[in-house]
Amino acid sequence: MNSDRFALSVDDYLAETNVLLYLNDAVTQLLEHKEEYTQFGIVRYFAEYFNSVKNGNHVMFREFNYIKATQHNRASFLRIFWRCYRQLGKNGDLLAAMEYSSLLQLLCPDFPSEMVQNAARIVLFDDAVDSVMSFSDFLYSFQIQLYFEEFLESVLVIYQDLLSGKNPNTVIVPTSSSVEQLNSLAEDDSEAAHEAVDSAVFAECIEALCERFKHSHPSPAAVKEILDNTQRVSYYGFLLALARSETISQDIGALPNKSELLVDPEMDQELERLIAQISVSPTSNSSGSATGLKETPKKASPRKSLHHRKRIEMESDGSTEETDSSEN
């Protein structure tokens with residue numbers, strides 16, 4: 001009996017932490033790049049891989065299916081995106097959805113532009129997706145769109161049922177075809193997407209959804225707090241409230257509060273150090289210049305994040321460690 005309980009607890013732990021998924025990915029990468037990775041030694045390779053997962057650097061340059069495979073991966077990608085492009089917000093730059101899409105594809109080559117467009121609609125509200133947005137406005141809306149993608153798809157089904165007079169009492173699990181229809185609605189029928197429904201009824205339906213939903217979703221208490229503040233709400237109005245909720249953002253744990261979004265002393269110090277190095281004339285120290293040429297890193301590969309772990313840590317968490325000796 002005790003062994004059965006122990007086995008169950010192990011299964012629950014493996015399911016909750018996605019250890020098997022990461023182990024499978026680690027083995028797959030090892031087999032695909034064995035000539036490169038086995039020079040480290042197998043034990044060191046797996047230690048490096050899981051340390052990268054723990055630190056959230058493992059999603060850099062990875063394919064979108066891997067990024068969305070777990071909530072930890074999604075949160076890690078959000079944090080990397082923020083830290084890589086935080087300077088845009090600090091400079092006050094305003095960018096269009098297409099430009100944000102290009103920035104995201106520098107970190108994930110196959111990142112879908114459709115998700116960026118959906119995030120932009122939350123910010124712009126009037127479906128004018130060619131308009132420009134501030135970095136902070138886009139970032140928090142993008143966070144909701146990426147982290148709760150499946151939840152938002154199901155909420156849109158509920159919203160459409162309420163608009164048509166139906167009472168959605170069953171679990172909402174959108175199929176691929178229904179998702180395409182909903183995306184088409186969001187793009188082509190902005191009036192319906194902005195038409196308001198009764199907030200109390202909407203809240204009851206979402207609460208029932210959360211009780212049986214298998215994917216990640218905002219806390220029912222946070223959703224109730226949002227919907228209790230208004231009598232009627234539109235779909236995009238609800239999503240905008242989710243994006244602005246500091247409680248929901250704190251629950252995700254990927255981004256700081258909006259007041260602290262552009263504050264990162266460690267990263268600022270690292271940038272200042274790099275700028276100081278770049279500004280030094282190469283003729284002032286010929287030996288240093290020669291050393292720099294020898295240590296010029298190779299072009300990053302989408303599949304070789306482990307090989308460039310030290311460089312990634314510098315970009316994503318302000319680390320000042322030297323380049324791994326295995327790259328010399």
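This is a predicted model: local features need pLDDT of at least 70, side-chain atom pairs count only at pLDDT 80 or more; totals for chains, interfaces and linings use all residues.
Trainee: Why is L20 called exposed?

Mentor: L20 has a relative accessible area of 54%. Exposed means over 50%. So L20 is exposed. Its place is in helix α2, residues 19–32.

Trainee: Which residues make a nonpolar surface patch of about 360 Å²?

Mentor: L20, L23, V27 and L31 make that patch.

Trainee: Which members of the largest nonpolar core touch the most other members?

Mentor: That core has 79 residues. F77, F81, F142, F151, F202 and F238 touch the most other members.

Trainee: What is F238 in contact with, leaving aside its neighbours within four places in sequence?

Mentor: F238 is in contact with V155, F202, I206, V223, I226, L227 and V233.

Trainee: How many aromatic pairs does a search of the whole structure find?

Mentor: The search finds 18 aromatic pairs.

Trainee: Why is the pair of Y49 and F50 called edge-to-face?

Mentor: Two values describe a pair of aromatic rings: the distance of the centres and the angle of the planes. Rings pair if their centres lie within 6.5 Å, and planes over 60 degrees apart count as edge-to-face. The centres of Y49 and F50 are 5.3 Å apart, with the planes at 80°. So the pair is edge-to-face.

Trainee: What makes Y159 and F202 an edge-to-face pair?

Mentor: Their ring centres are 6.3 Å apart and their planes are at 65°, so the pair is edge-to-face. This pair links distant parts of the chain. Y159 is in helix α10, residues 149–163, and F202 is in helix α13, residues 199–212. They are 43 residues apart. Both Y159 and F202 are buried.

Trainee: Which residues do ring pairs link into a cluster?

Mentor: The cluster holds F64, F77, F81, Y85, Y100, F111, F135, F138 and F142.

Trainee: Now the charges. How many salt bridges does a search of the whole structure find?

Mentor: It finds 7 salt bridges.

Trainee: Why do E150 and R74 count as a salt bridge?

Mentor: Side chains of opposite charge can pair when their charged atoms come close. The cut-off is 4 Å from nitrogen to carboxyl oxygen. For E150 and R74, N to O is 2.9 Å, and the side chains meet in a salt bridge. This pair also links distant parts of the chain: E150 in helix α10 and R74 in helix α6, residues 71–91, 76 residues apart.

Trainee: How do you know that E150 is buried?

Mentor: E150 has a relative accessible area of 15%. Buried means under 20%. So E150 is buried. R74 is buried too, with 3%.

Trainee: What does the salt bridge of K258 and D137 tie together?

Mentor: Their closest N and O atoms are 3.2 Å apart. K258 lies in the loop between α16 and α17, and D137 lies in helix α9, so the pair ties together parts that are 121 residues apart in sequence. K258 is partly exposed, at 45%. D137 is partly exposed, at 33%.

Trainee: Which residues do salt bridges that share partners join into one network?

Mentor: They join D25, R62 and E63. R62 and E63 have their closest N and O atoms 3.1 Å apart. R62 is buried, with 0%, whereas E63 is partly exposed, with 25%.

Methods: Residues are numbered from 1 along each chain as its sequence is written. Side-chain values use heavy atoms; hydrogens and water are left out. Patches are made of residues with over 30% relative accessible area and no salt bridge: like charges are joined within 9 Å, nonpolar side chains (Val, Leu, Ile, Met, Phe, Trp, Tyr) within 5 Å. Accessible areas come from the Shrake-Rupley method with a 1.4 Å probe; for residues, only the protein chains shown count as cover. Helices (H or I, at least four residues) and strands (E, at least two) are DSSP runs, numbered from the N terminus. Buried means under 20% relative accessible area, exposed over 50%, partly exposed in between (1.4 Å probe, protein chains only). A nonpolar core is a set of buried Ala, Val, Leu, Ile, Met, Phe, Trp, Tyr and Cys residues joined through side-chain atoms within 4.5 Å. Contact means heavy atoms within 4.5 Å. Rings of Phe, Tyr and Trp (its six-membered ring) pair if their centres lie within 6.5 Å; planes under 30 degrees apart count as stacked, over 60 as edge-to-face and the rest as tilted.
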